[in-house]
Amino acid sequence: MLSHGGPTSETLPLLSISGVPSIQFLTTRGIAVVDVNYRGSTGYGRDYRERLTNEWGVIDTIDCVNAAEYLVEEGRVDGERLAIEGGSAGGYATLCGLTFHDTFDAGVSHYGVADVEALARETHKFESRYLDGLIGPLPETQDTYHERSPLYHADEIRCPTLLLQGSEDAVVPPSQAKQMVEELADNGVPHAYLEFEGEQHGFRRAESIQRAAEAELSFYGQVFGFTPESDIEPIELSE
């Protein structure tokens, strides 16, 4: 299950070379991918996009959950080997999916949001008021920010989690991922954390993109019980 960033962006049926993840990298290795334009995505009219108003972290995640469960019901995918991943807002949907739902068996967050209040207070000036429409204004809706932050409910995560992060990310700082890692470790959840030196919000270097893709494949192989055919550097899951 792949959820795009934005969150009021969209996914398009185009060749993905350096996406998060590269859909072609996964599908050519036998992993089925569904890429969801959840409610709030652009490209389907204003009404559809504005359904995310005050609902970020809720209906986008529910749409991902419903898509996965539908494919299980249709017999298209293995209901015992479901993973969710995404980058930025998609990483937030990933962490919400693992925290507030029990559908998925693993998750990969690429520089995802763990604490939406910290995001609202600390992100760069361009997006500093973005969350007013997605969740609500602060401080009036502070309780809602707390409720929708996976970091404060991380004890609900039960499945293996991989976090990938750029060291110089000014949009979602590494501190968010590191705090999630601490919570996962405290709760004994299998996890791994890779920080990419010099990368920002989205990986640009070819070696970073390759390493992230291979780390995902190693992670999925360990969690779902298969050995990647490629000669890749494995990651080590900690508890």
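**Close-up views of a predicted model**

**View 1. Asn 54 sits in the loop between helix H2 (46-50) and helix H3.** The model shown here and in the other views is predicted. Asn 54 has a positive phi of about 65 degrees, although it is not a glycine. Is Asn 54 buried, partly exposed or exposed? Its relative accessible area is 36%, so Asn 54 counts as partly exposed.

**View 2. Tyr 111 also has a positive phi without being a glycine.** Here phi is about 40 degrees. Tyr 111 is found in the loop between strand E4 and helix H5. Its relative accessible area is 7%, under the 20% cut-off. Tyr 111 is therefore buried.

**View 3. Tyr 111, Phe 196 and Phe 203 form a cluster linked by ring pairs.** The structure holds six aromatic pairs. Why is the pair of Tyr 111 and Phe 203 called edge-to-face? The ring planes stand at 75 degrees, with the centres 5.4 Å apart, so the pair is edge-to-face. This pair links distant parts of the chain, as its two residues are 92 residues apart. Tyr 111 lies between E4 (106-110) and H5 (116-122). Phe 203 lies in the loop between strand E6 (191-196) and helix H9. Phe 196 is buried, with a relative accessible area of 8%. Phe 203 is buried as well, at 9%.

**View 4. The charged end of Arg 29 sits over the ring of Phe 25.** The distance from the charged end to the ring centre is 4.0 Å.

**View 5. The largest cavity holds about 40 Å³ of space.** The count of cavities of 30 Å³ or more comes to one. Which residues line the largest cavity? Among them are Leu 95, Ser 109, Tyr 111, Leu 163, Gln 176 and Met 180. Strand E5 (161-166) supplies at least two of the lining residues, and so does helix H8 (174-186). By class, the lining has seven nonpolar residues, four polar and no charged.

**View 6. The largest pocket has a volume of about 650 Å³.** How many residues line the largest pocket? The lining has 29 residues. Nearest the pocket centre lie Gly 30, Ile 31, Ala 32, Val 33 and Arg 81. Helix H3 (59-73), strand E3 (83-87) and helix H9 each give two or more residues to this lining. The lining divides into 20 nonpolar, three polar and six charged residues.

**View 7. Helix H9 covers residues 206-224.** H9 has 19 residues. From first C-alpha to last, H9 reaches 27 Å, close to the 27 Å expected at 1.5 Å a residue. Which residue just after H9 takes a positive phi? Gly 225 does, with phi at about 80 degrees.

**View 8. The peptide bond from Gly 6 to Pro 7 is cis.** Its omega is near 0 degrees. Pro 7 has its place in the loop between strand E1 (2-3) and helix H1 (23-27).

**View 9. Leu 138 and Pro 139 are joined by a cis peptide bond.** Omega is about 10 degrees here. Where is Pro 139 placed? It is in the loop between helix H6 (130-134) and helix H7 (142-147).

Notes
Residues are numbered from 1 along each chain as its sequence is written. This is a predicted model: local features need pLDDT of at least 70, side-chain atom pairs count only at pLDDT 80 or more; totals for chains, interfaces and linings use all residues. Side-chain values use heavy atoms; hydrogens and water are left out. Helices (H or I, at least four residues) and strands (E, at least two) are DSSP runs, numbered from the N terminus. The expected span of a helix is 1.5 Å times one less than its number of residues. On a 1 Å grid over the protein atoms alone, a cavity is a set of points where a 1.4 Å probe fits but cannot get out, and a pocket is an open set with protein on both sides within 12 Å along at least five of seven lines; lining residues have an atom within 4 Å of a point. Grid points are joined across faces, edges and corners, and a volume is the space filled by probe spheres set on the points. Ala, Val, Leu, Ile, Met, Phe, Trp, Tyr, Cys and Pro count as nonpolar, Asp, Glu, Lys and Arg as charged, and the others, Gly among them, as polar. Rings of Phe, Tyr and Trp (its six-membered ring) pair if their centres lie within 6.5 Å; planes under 30 degrees apart count as stacked, over 60 as edge-to-face and the rest as tilted. Buried means under 20% relative accessible area, exposed over 50%, partly exposed in between (1.4 Å probe, protein chains only). A charge sits over a ring if NZ of Lys or CZ of Arg is within 6 Å of the ring centre and within 35 degrees of the ring normal.
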